[in-house]
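Dear colleague,

Please find below the structure that I am handing over to you. My notes on it follow directly after.

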Amino acid sequence: MKVKHITEIAIALMLARWKQTLVAAIGVTFSIAFFISLLGFMEGLNELLDGMVLNRTPHVRLYNDILPSKLQPIDLSKEYKDHHNFISSVKPINTRKEIYNAQQIINQLKKDKRVFGVAPKITAQVFYNLGNIDLNGIINGVDTEQEEKLFSFSDYIIDGNYKELKIIPNSIILGKGAADIMMAKIGDIITVTSTEGEQFSLKVIGFFQSGIAEIDKVQSYASLSTTQKILGENSNYISDIQIKLKDIVQAPALAIEYGNFFKIDAEDIQTANAQFETGSSVRSIISYAVGITLLIVSGFGIYNILNMLIYEKMDTIAILKATGFAGADVKKIFITISMSIGIAGALAGLLFGFLLSLVIDAIPFHTTSLPTVTTYPINYGMQYYSIAAIFALATTYLAGWLPARKASKVDPVIIIRGK
Amino acid sequence: MENNIVLEARSICKSFHDPVKIDVLKDISFTLSRGEYASIIGRSGSGKSTLLYILSTMDTDYTGELLIDNVSIRDKSEKELAAIRNEKIGFVFQFHYLLNEFTALKNVMLPGFKLNKLSEAELEHNAYEFLKDLGIEKLAKKMAYQLSGGEKQRVAIARAMINDPLIIMCDEPTGNLDSKNADIVFNIFKELTETFNKTLLVVTHDLDFANKTERIIELDDGRIVFG
């Protein structure tokens, strides 16, 4: 029995009941389209929300933590070596925040194949002077190019060009909240006072908005050298090294490795932001559950319609068997019908899913927290399309298999006699 | 001597068990030779249709032995039985049973697709020739449901012929036809036995029809009483 003739019979049977066939195919199309757009939308949203924090957080941060010395004088005493000791009110030692040999560490890290990029950073505590009033502020000294490469710095610059930070000496990008309070415009000169009491005049070249109001009221950005000047430090002074890895999963292991290797404090992103991943995976699970339910429901639709078709076409099945078609041939015919519905529905579903994603992608969506986002986020990952297609084919096969088996077992004698 | 027997039944018995045991067929034994034109007659409930379904290999629930073309069909799988039906047996039913989704020509060709010995073009040619022999070549492209009863029956006969079977079995082929069409069908069958040397086994309650056949097998209460 040639495939061609099996298909021919299957097509003839489908055409005889083309409305039901169409409804079944539309069911598959509908479920696949929604599966794809739902998961794409959910994943887009996940990425957006996680990105708000995770993209701006280094995977591993190297710094000198303010901690009490791990080695207290009593630990050195031979006499009390085998004793336990309790010390109350231990004060941190006066460590410098500077990272020793920062440049060498950066060079070493850049050679590491697991590292995507390294960005140095300095934080400086300042006051923004506003007439009589002093506002608390933090100036982040950053390497603009690295910051852009690693943390999409420019996405959060709502006005001005971040590249000027390096070109124009004594320039600053103000947090939007701080700028609003100071009523500063681009080109204005503002005054800041360092914790040492020195005053600096800085030129405003842009505004920065992270979306988290508390941060925007306090934080500003300046170049590394400007920040070093404010702090009164030399040009080797670096207080933080931010590392972005190629694979975020390695962060905890590498944080320990770097911490030991460079004898420095290292913090990984998972420790710093544990809650985000939980949220993302729960949202993903929910949307997969909904999507797969849609696909299964469409499978039941196919099952029903094929069952109906078999009851209607009992005569046809009986005659095919009487004229020498084996049960296996009849089964193939009905599986072919089911798979044709599945494949046609799936192809249309993939297309409609993509179109629906495009539509969602075009719906305006403005949020102060994300200045670069203007429409709803959508993830166009191939994995959703392939999961949907594979799952749809699997469900239609199963949905067709049971009725097809029933059809293959039809006893022609009973049907022909029954007339 | 060449063995001309195409079908042999050896003491076939069948009973229905629901609700009580009823013996429908009792010790049926007979042979059919090549080119024979036989009819099975009997009153309603005498078991003639039941016998035909057993002889056609569709019903396998019986005791005794059935040989088709000198091969026992005991212990054959469902697939092998289907292949035997396809290749060696042609069917004509009382209720025409064409597939309404196809044209007359495609209906004739369908068993040929299953046999898969000839190309589609050859099959189409053969099918058309059979329709022509039966005088309905003009209807080849019509859908099955557009045909009249007599026309349908002739298409069904052409379908029974397509795989060049050894034996053609008919269940009340004229039951739904007027006497004119019944005559046409009878003559077609006669021609099949004479020109194509086919064996024909017709179940009928039409005595006029049966009397014209070469051999009459009469069943009564599950036993062969004549023939």
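This is a predicted model: local features need pLDDT of at least 70, side-chain atom pairs count only at pLDDT 80 or more; totals for chains, interfaces and linings use all residues.

Residues are numbered from 1 along each chain as its sequence is written, and chains are lettered from A and ligands numbered from 1 in the order in which they are written.

Chain A as a whole

Chain A contains 16 helices and 10 strands (DSSP runs numbered from the N terminus, with H or I of at least four residues for helices and E of at least two for strands). Its radius of gyration is 33 Å, well over the 22 Å that the globule rule gives for 419 residues, so chain A is more spread out than a compact globule. That radius is taken over C-alpha atoms, and the rule is 2.2 Å times the number of residues to the power 0.38. The C-alpha trace of chain A spans about 105 × 65 × 40 Å along its principal axes.

Of the 419 residues of chain A, 37% count as buried (20 or more other C-beta atoms within 10 Å of the residue's own; exposed means 12 or fewer, and partly exposed lies in between, with C-beta atoms placed from the backbone). Among contacts in chain A between residues at least 6 apart in sequence, 79% join residues at least 24 apart; a contact requires C-beta atoms, placed from the backbone, within 7 Å.

The contact between the chains

Chain A gives 24 residues to the contact and chain B gives 23. On the side of chain A, helices H1 (3-16), H13 (314-322), H14 (327-362) and H16 (412-418) each supply at least two residues. That side has 13 nonpolar, 5 polar and 6 charged residues (nonpolar: Ala, Val, Leu, Ile, Met, Phe, Trp, Tyr, Cys and Pro; charged: Asp, Glu, Lys and Arg; polar: the others, Gly among them).

Two helix pairs

In chain A, helix H2 (residues 18-54) packs with helix H15 (residues 382-408) at an angle of about 150°, their axes being 10 Å apart. Axes are lines fitted to C-alpha atoms, for helices over the stretch in contact, and angles run from 0 to 180 degrees between N-to-C directions. H2(A) and H15(A) are therefore roughly antiparallel (over 145 degrees; under 35 is roughly parallel, 65 to 115 roughly perpendicular and the rest oblique). Residues of H2(A) that take part include A:Phe35 and A:Leu39, and those of H15(A) include A:Tyr384 and A:Ala388. The contact of H2(A) with H15(A) has 9 nonpolar, 2 polar and no charged residues.

In chain B, helix H3 (residues 104-115) and helix H4 (residues 120-133) pack at about 120°, with axes 9 Å apart. That angle makes H3(B) oblique to H4(B). Among the residues that meet are B:Val108 and B:Met109 in H3(B), and B:Tyr128 and B:Leu131 in H4(B). The residues of this contact divide into 9 nonpolar, 1 polar and 1 charged.

Two positive phi angles

Most residues other than glycine have a negative phi. A:Ser89 is not a glycine, yet its phi is positive, about 50°. A:Ser89 is placed in the loop between helix H3 (73-76) and helix H4 (102-111) of chain A, and it is exposed, with 5 other C-beta atoms within 10 Å. B:Asp164 also has a positive phi, near 50°. This residue is found in the loop between helix H5 (149-161) and strand E7 (167-171) of chain B. B:Asp164 counts as partly exposed, with 14 C-beta neighbours inside 10 Å.

With kind regards

Note on methods:
Two residues are in contact if their C-beta atoms, placed from the backbone, lie within 7 Å.
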